[in-house]
Amino acid sequence: MDVSRLVKRAKRGNKDALVLLVMVEKDAYYRLALTYTGNQHDALEAMDEMIVKVYENINQLKINEAFFSWSKTILVNACKAIVRKRKRLVLADDVVTVSGVEENQLSTKDDYERSEQLMVIEKLLEYINDQQKEAIQLKYFHDLDYQTIAEMTNVSVGTVKSRVFNGLRKLREHYGGEEIE
């Protein structure tokens, strides 16, 4: 698939080209949105908002090959807006899956082990700040490189590396010194 060619077609108003671009990465978009929002409904809402913003602003994209990182940045911003809005409307009985990791995303099929993994992840993530948590999730849950994370979070690559390094260091301290990575 030639991303640049599809972006050019989308810039000329070809909606099918834009749909094809989004569909290629739909699973990655969904996992990313789920990480930020913590639930399926909000993740899908963020994806809808991203698609609309991408459609409205596709002509502002300067480097066609950067479409996916550009659109993921738009998605992250939509997710953050939804989370901010939700925090203002917090209900006491809301249940949010730990860090957007649902049971079907964990590495084991055993319900007991999945539950145990969720508890460990939940406990560990309490020891790091939100920026470190975000950087670690993007790096290790979504396998994004430092440059992409920096662009998505609007900070320097050095800051991203520092957040990941310091977050992992804190996690190791609280996990008993065992290797985490």
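Angles under 35 degrees between axes count as roughly parallel, over 145 as roughly antiparallel, 65 to 115 as roughly perpendicular and the rest as oblique. Axes are lines fitted to C-alpha atoms, for helices over the stretch in contact, and angles run from 0 to 180 degrees between N-to-C directions. The model is predicted, local features need pLDDT of at least 70, and side-chain atom pairs count only at pLDDT 80 or more, while totals for chains, interfaces and linings use all residues. Residues are numbered from 1 along each chain as its sequence is written, and side-chain values use heavy atoms, with hydrogens and water left out.

**View 1. Overall fold of the protein.** The secondary structure comes to nine helices and zero strands (DSSP runs numbered from the N terminus: helices are H or I of at least four residues, strands are E of at least two). Of the 181 residues, 41% count as buried (buried is under 20% relative accessible area, exposed over 50%, partly exposed in between, with a 1.4 Å probe and protein chains only). Among contacts between residues at least 6 apart in sequence, 61% join residues at least 24 apart (a contact means heavy atoms within 4.5 Å). The average pLDDT is 81, and 78% of the residues score at least 70 (pLDDT is the predictor's confidence in each residue, from 0 to 100). Over residues 90-108 the pLDDT is below 50, and this stretch has 32 contacts in the model beyond near neighbours in sequence.

**View 2. Packing of α7 against α9.** Helix α9 (residues 157-174) packs on α7 at an angle of about 100°, and the axes are 8 Å apart. The two helices are therefore roughly perpendicular to each other. On the α7 side the contact is made by Gln131, Gln132, Ala135, Ile136, Lys139 and Tyr140, and on the α9 side by Val160, Arg163, Val164, Asn166, Gly167, Leu168, Lys170 and Leu171. These residues divide into seven nonpolar, four polar and three charged (Ala, Val, Leu, Ile, Met, Phe, Trp, Tyr, Cys and Pro count as nonpolar, Asp, Glu, Lys and Arg as charged, and the others, Gly among them, as polar).

**View 3. Packing of α8 against α9.** Helix α8 (residues 146-153) meets α9 at an angle of about 105°, with 8 Å between the axes. This pair is therefore also roughly perpendicular. Tyr146, Gln147, Ile149, Ala150 and Thr153 of α8 touch Val157, Val160, Lys161 and Val164 of α9. By class, six residues of this contact are nonpolar, two polar and one charged.

**View 4. Salt bridge between Lys72 and Glu25.** The count of salt bridges comes to two (a side-chain nitrogen of Lys or Arg within 4 Å of a carboxyl oxygen of Asp or Glu). In one of them, the side chains of Lys72 and Glu25 meet at 3.4 Å, N to O. Lys72 lies in helix α5 (residues 67-88) and Glu25 in the loop between α2 (15-24) and α3 (26-37), so the pair ties together parts 47 residues apart in sequence. Lys72 is buried, at a relative accessible area of 11%, whereas Glu25 is partly exposed, at 22%.

**View 5. Salt bridge between Lys80 and Glu134.** The closest N and O atoms of Lys80 and Glu134 are 3.2 Å apart. Lys80 belongs to α5 and Glu134 to helix α7 (residues 130-141), so parts 54 residues apart in sequence are tied together by the pair. Lys80 is partly exposed, with a relative accessible area of 25%, and Glu134 is buried, with 12%.
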